[in-house]
Amino acid sequence: MTRVGGLPEVVREGETGLVVPREDPAALAQALRQLTVDAGLRERLGRQGREHVLRHYEWGDSVRRMVEVYRRLLAGEPLQALAPGERA
């Protein structure tokens with residue numbers, strides 16, 4: 001995964017995945033090589049990544065955060081992002 005868009009919020013380097021600088025094909029190739037040869041790393045990152053998403057991105061919570069964003073916009077309130085797991 002590269003450091004673009006919202007992906008760094010979901011992928012935590014070395015914990016839930018590998019993060020490489022954007023537009024750095026050598027770093028991407030190295031990360032893919034590392035995953036290819038290290039089955040334990042693949043298993044750990046996959047398991048921890050799934051647990052992270054299930055814990056922080058449950059569908060109902062995501063919908064509640066989205067509804068809160070729209071409510072704030074319609075009310076003319078300042079908009080700040082709600083972090084995963086943060087209640088509206």
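Q: What is a nonpolar core?
A: A nonpolar core is a set of buried Ala, Val, Leu, Ile, Met, Phe, Trp, Tyr and Cys residues joined through side-chain atoms within 4.5 Å.

Q: Which residues make up the largest nonpolar core?
A: Six residues do: Leu18, Val20, Ala27, Ala31, Leu41 and Leu45. Two elements, α2 (25–37) and α3, each give two or more residues to this core.

Q: Is this model predicted or experimental?
A: The model is predicted. Mean pLDDT for the chain is 84. Of its residues, 82% reach 70 or more.

Q: Which elements have the lowest and the highest mean pLDDT?
A: α1 has the lowest, at 72. α2 has the highest, at 96. Where pLDDT is low, the predicted coordinates should not be read in detail.

Q: Back up a bit. How many helices and strands are in the chain?
A: There are four helices and zero strands. From the N terminus on, the order is α-α-α-α.

Q: And how many residues, with what share buried?
A: The chain has 88 residues, and 23% of them are buried.

Q: What about the accessible surface of the chain?
A: That surface is about 6400 Å². Carbon and sulfur atoms account for 59% of it.

Q: How much of the contacts comes from residues 24 or more positions apart?
A: Such pairs make up 30% of the contacts with a separation of 6 or more.

Q: Let's go back to Val20. Where is its place?
A: Val20 sits in the loop between α1 and α2.

Q: Buried or exposed? And why?
A: Val20 is buried, because its relative accessible area is 5%, and the cut-off for buried is under 20%.

Q: What separates the C-alpha atoms of Val20 and Ala31?
A: They are 7.6 Å apart. Along the chain, Val20 and Ala31 are 11 residues apart.

Q: Where is Glu23 found?
A: Glu23 is in the loop between α1 (7–10) and α2. Glu23 is exposed, because its relative accessible area is 72%, and exposed means over 50%.

Q: What is the phi of Glu23?
A: Glu23 has a phi near 60°. That is a positive value in a residue other than glycine. Most residues other than glycine have a negative phi.

Q: New topic. Which helix does His52 lie in?
A: His52 lies in α3. With 2% relative accessibility, His52 counts as buried.

Q: What is His52 in contact with, leaving aside neighbours within four places in sequence?
A: The list is Glu9, Val10, Arg12, Thr16 and Tyr57.

Q: On to α4. Which residues are buried there?
A: In α4 the buried ones are Gly60, Asp61, Ser62, Arg65, Glu68 and Arg72. What covers them includes α3 (39–56).

Q: What span should α4 have?
A: Helix α4 covers residues 59–74, which is 16 residues. At 1.5 Å a residue, α4 should span 22 Å. The end C-alpha atoms of α4 are 23 Å apart, so the two values agree.

Q: What reaches the backbone nitrogen of Gly60 at the start of α4?
A: A side-chain oxygen of Glu58 does, to within 3.0 Å.

Q: And what comes just after α4?
A: Gly76 is there, with a positive phi of about 75°.

How values were computed: Residues numbered from 1 in each chain as written. Predicted model: local features only at pLDDT ≥ 70, side-chain atom pairs only at ≥ 80, totals over all residues. Heavy atoms only, no water. Expected span 1.5 Å × (residues − 1). Buried < 20%, exposed > 50% of the residue type's maximum accessible area, 1.4 Å probe, protein only. Contact = heavy atoms within 4.5 Å. Polar contact = N/O pair within 3.5 Å; in protein donor to acceptor, adjacent residues only side chain to side chain. pLDDT = per-residue confidence, 0-100. Areas by Shrake-Rupley, 256 points an atom, 1.4 Å probe, with all protein chains shown as cover.
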